[in-house]
Amino acid sequence: MAAEPVLVMQDICKSFPGVTALKDAQLRLFPGEVHAVMGQNGAGKSTLIKVLTGVETPDSGEILLNGRAIQPESVDAAQKLGISTVFQEVNLCPNLSVAENIFIGRFPMRGLAIDWKTIEREAQAALAALNIHVDVTRTLSEFPVAIQQMVAIARALSTEAQVLILDEPTSSLDEDEVERLFDALRELKRKNIAILFVTHFLDQTYAISDRITVLRNGEFVGEYPASELSRLELINAMVGREIDEAGYAAQDGESTSPHAERPFVSVQGLGASGRIHPIDLDIYRGQVLGLGGLLGSGRTETARLLFGIDRAESGTIAIDGAPVRLNSPRKAVRQGIAFCPEDRKTEGIVADLSIRENIILALQARRGIFRYLPRRVQSAMADQFIKQLGIRTPDAEKPIGQLSGGNQQKALLARWLATEPKMLILDEPTRGIDIAAKLEIMDLVKAQCRKGLAILFISSEMSEVLRVSDRIAVLRDRRKVGEIDGKAADEQSVFRMIAGAEA
Amino acid sequence: MKATLLKLTRSHLFWPCVTLVLLCLVNVHFNPGFFNIEIKDGHLYGSVIDILNRAAPLMLIAMGMTLVIATRGIDISVGATVAIAGAVAASLIGGSLVIKEGVQTYVSNTPMPLAFAAALFVALLCGLWNGLLVAGAGMQPIVATLILMVAGRGVAQLITEGQIVTVYYEPFFFIGNGFIFGIPVSLYIVAAVLGVLLLLTQRTALGLFIESVGINPVASRFSGISARALVFWVYAFCSVTAGIAALIITSNVKSADANNAGLLLELDAILAVALGGTSLAGGRFYLIGTLVGALIIQTLTYAIYSLGVPPEINMVVKAIVVFGVCIIQSPALRDLLLKHALRSGGPA
C-alpha cells in the first residue's frame with residue numbers, strides 16, 4: 001500500500017440505450033500487484049475494460065494514469081499510453097511464426113528490409129522474460145493454447161506497458177497451463193507492472209490476486225485486499241444478498257420422490273481436460289437435478305458431455321444401468337436425452353423454418369429421412385403443442401425467428417417433448433425471457449417432471465435452481481464439490497459450498 | 001387487385017419467370033419465328049425446342065448445385081467432373097463402323113450400359129471426394145471443390161491421353177440428339193431427375209433436413225440430424241448430376257474434349273441457382289426456380305447468337321444482361337421500385 005496507484009478510474013458512468021452498464025465505478029491499479037475484477041454476468045466487468053482500453057467512451061468520470069487524466073480513444077491509443085490488453089479470444093495469427101506475431105505491425109526495419117535478426121532476438125528475450133523458452137521461428141499454431149496465450153502477453157508487453165489487462169486468460173487452459181501463466185504473471189509483478197485480471201474462477205482469483213474489486217449490476221461494491229476477503233464474503237458481495245433464507249428457500253412444498261430406485265442416467269468420472277474434471281452424477285426419473293455454480297464452473301460443459309456434443313476423455317455413462325457411448329447428439333437423442341441449449345439463437349432455433357418445422361425437427365431426425373411425418377400429422381402436432389404450451393403466434397407456419405424469446409423457448413421445449421424424451425437437459429432455459437414467460441416455462445418443466453421425466457437443470461440464477469431442484473450438484477472451477485438436497489438447501493448453503501467451506 | 005399483384009410478386013418464381021418472358025419477347029422481336037414449332041422427320045423442331053435441349057445439361061447440374069448451395073456449400077468442380085465423366089464414357093465406347101456379313105454395324109469397345117455405369121460411377125467418386133473434404137475434413141466448400149476443379153481436367157487428359165476422343169457409335173448419339181415421341185431424349189432425363197428430386201425433397205424429410213442444416217448447422221446437429229452425412233451425400237449427388245450431364249454433352253458433340261467439355265459450366269450452374277431465387281447463403285431452396293434460371297441463361301445465349309452479336313463481345317453482352325437480371329431480383333431494389341410504381345400508379 002505504500003505505492004501510489006499507477007491507474008485510477010473514478011466515478012465512471014456508461015449507459016447504453018435502455019441499460020446502465022456502469023454507475024460510478026471505481027478502480028485502482030497498483031504497480032506490482034495483480035488486481036482481480038469480479039462480478040456476475042452483466043456486472044459491468046467487460047464495459048469497465050472497454051472504457052479503460054478505449055473501445056467505449058465513458059459518459060462521465062475520469063481515468064488517471066500516473067496522476068494525469070487520459071482519454072484513450074482506441075485500443076491503439078491506450079497501448080501507446082502504456083495500457084496493454086490481452087483479450088479473451090487470443091487474437092493472433094496462427095499461421096505466422098511466434099516472432100512475427102509478437103512484432104506484427106511494427107517490424108523493426110534496417111533500411112528497406114525487415115530486420116529479422118533483431119525480431120528473433122527480441123522475441124526470444126520477450127518470452128524469456130516470462131520464463132518461456134521456445135523456438136520463436138516456429139509457427140504459432142504448433143504450440144499449445146497456453147503458449148499462444150503467453151505470446152499474446154509478450155506481444156502486449158513488448159510496448160513498454162505499465163498496465164496489463166487480461167480478460168479471462170485462463171478460460172481455455174488446463175491446470176498446468178494456468179500454473180505456467182501464473183508463473184509468468186508473478187515474473188511481471190516483480191517488474192512492477194500493474195495487472196488487471198478478469199476471471200470467473202474463484203480458486204485462480206485467490207491464487208494470484210493481491211486485490212479484488214467487486215462489481216454488481218454496473219455498480220461498484222467494494223475494493224478488498226484478497227487476503228482479507230473470505231470466499232463466502234466475496235460471493236455474497238457478487239450476488240448481493242446476505243442471508244435471506246425466508247425469501248428463497250420457499251419450495252413448492254410437494255415432494256417429488258424418485259420414481260425408480262435406479263437412476264435413469266448414471267455418470268461416473270465423466271471428464272474432459274479444459275472442460276470439466278471427472279464428475280459423478282445420478283439423474284433419476286421424476287426428479288430435477290440442478291447444477292449449481294457460478295459462471296464458468298463447468299455447468300454447460302457437463303451438459304455438453306452428457307449430450308455427446310463434446311467428447312469425454314474419461315468416465316462412463318450408464319443409462320438404466322447399461323453402459324452407453326454418447327459421442328454425438330444423435331446417439332444421445334436415440335437414448336431419449338433432450339437438450340435445450342444455452343444459446344437459443346445459434347444452437348437452438350432454425351430461424352427461417354416455420355414453428356411447425358422446428359417443432360417436428362428432432363422427432364423427424366430420430367425417425368430418419370424416409371419415415372416422413374405426413375404434413376397433416378405435423379400440423380396437428382404443432383397446433384397441439386402451440387395450445388398446450390401457450391405459444392403465442394397466429395399460426396404454426398410463421399418463421400420461428402419472428403417469435404419472442406419466451407415463445408421460441410417454448411417451441412424448443414415442444415421440439416423435445418415431441419420426441420417423448422426420458423431425460424431433458426435445460427441449460428439456462430429462462431435467459432432473456434420476461435418474468436411471466438419464465439414462470440410459465442418453469443411450471444411446464446415441473447409438470448413434465450411429475451410425469452416421470454428426468455431433468456438436469458442449469459441456471460445462473462441460484463434462486464431458480466433452488467426452487468425447482470430436488471437435488472443440487474454444486475460445481476466450482478469445473479469440479480463437483482458436493483451435492484445437497486434441494487429442499488433443505490438455501491442460497492447461502494450453496495454459496496458456502498462453492499466457497500469451499502464445509503456445509 | 002393490388003393485393004393479388006403484391007402476392008404474386010412475392011412468389012419466388014415471379015421474377016425469374018418475368019425475366020424469362022422478357023428474354024423470349026426480345027427474341028420474338030428480332031426473330032418473329034422464335035416460337036414456331038414444326039414437325040420434321042417425326043419430331044418437334046424449333047428455337048424453343050433447341051433451347052430446351054441445349055439447356056438440359058445445365059438444368060441437371062444446376063439441380064444438383066441447388067442442393068449443395070442449400071446446405072451453405074458450393075461446388076465449383078462440376079465442370080471438371082463433366083470432363084472426367086465424358087472422357088470415361090467416350091474412351092470406353094469409342095466405336096467403329098464395321099461390315100458384318102455385308103451389313104454396316106456399329107461396334108463399341110465396351111457395352112454401352114457398362115460405359116454409362118462407369119462414367120456415372122467415376123462422377124460419383126468425384127462427389128465422394130468433394131464430400132469427404134467438405135463434410136469429413138471440414139474444409140471450406142469453395143476451397144475443397146477448387147482442388148477437383150483444377151485437378152479434374154488433368155485427370156480427364158490422362159484418360160483421353162491428351163487427345164480429343166471421337167465416338168463412332170450411332171446408338172450413343174441418341175441421348176444427346178435423339179427424340180422420343182418427338183421430344184428430345186435429354187428432356188426426359190431432366191424430367192426424371194426432377195421427379196426423383198421433388199419426390200425426395202417433398203415426400204421425405206430430405207428437403208427439411210437440407211434446409212435446416214443450411215440455415216443453422218449447429219442447431220440441426222443438436223436436434224439429432226446427422227448433418228455431416230447429409231452434406232457428404234449432397235456433394236455426391238451433385239457430381240452424379242454432372243456425370244449425367246456429361247453423357248448428354250458427350251453424345252451431343254460426339255466426342256470428349258478434356259479441355260473444353262463443361263468449361264465454366266459451374267459458374268452457369270451457380271448463376272442458374274441464384275437466378276432461381278435460392279440464396280447463396282443457404283437454407284430455403286427452389287428447384288423449379290433453378291430450372292427457370294437455367295432456361296434464362298440458355299435463352300440469353302440463344303438471343304446473343306441469333307442477334308448476331310460479334311462473338312468477341314458476346315461475353316460482355318451476357319454479363320450486362322446478367323447484371324441487370326440480378327439487380328432486378330435484388331429485394332431491396334425491387335421494394336423500392338414497387339413502392340414507387342404503386343405510388344405513382346395512383347388508384348389502380
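At what angle do helix H8 and helix H11 of chain B pack, and how many Å apart are their axes? In this predicted model, H8(B) spans residues 185–203 and H11(B) spans residues 227–253. The two helices pack at an angle of about 170 degrees. Their axes lie 11 Å apart. Because angles over 145 degrees count as roughly antiparallel, H8(B) is roughly antiparallel to H11(B).

H8(B) contributes B:Ser186, B:Ile189 and B:Val193. H11(B) contributes B:Thr241, B:Ile244 and B:Ile248. By class, four of the contact residues are nonpolar and two are polar. None is charged.

Chain B also touches chain A. The contact involves 21 residues of chain B and 23 residues of chain A. On the chain B side, helix H9 (206–215) and helix H10 (217–222) each supply at least two residues. The largest share comes from H9(B), with six residues. The class make-up of this side of chain B is nine nonpolar, eight polar and four charged residues.

Chain A is assigned three domains. Domain 1 covers residues 7–239. Domain 2 is made of two segments, 245–336 and 422–503. Domain 3 covers residues 344–420. Taken over C-alpha atoms, the centres of domain 1 and domain 3 of chain A are separated by 44 Å.

Terms used: Residues are numbered from 1 along each chain as its sequence is written. Chains are lettered from A and ligands numbered from 1 in the order in which they are written. This is a predicted model: local features need pLDDT of at least 70, side-chain atom pairs count only at pLDDT 80 or more; totals for chains, interfaces and linings use all residues. Two residues are in contact if their C-beta atoms, placed from the backbone, lie within 7 Å. Helices (H or I, at least four residues) and strands (E, at least two) are DSSP runs, numbered from the N terminus. Ala, Val, Leu, Ile, Met, Phe, Trp, Tyr, Cys and Pro count as nonpolar, Asp, Glu, Lys and Arg as charged, and the others, Gly among them, as polar. Domain bounds come from an automatic or database domain assignment. Axes are lines fitted to C-alpha atoms, for helices over the stretch in contact, and angles run from 0 to 180 degrees between N-to-C directions. Angles under 35 degrees count as roughly parallel, over 145 as roughly antiparallel, 65 to 115 as roughly perpendicular and the rest as oblique.
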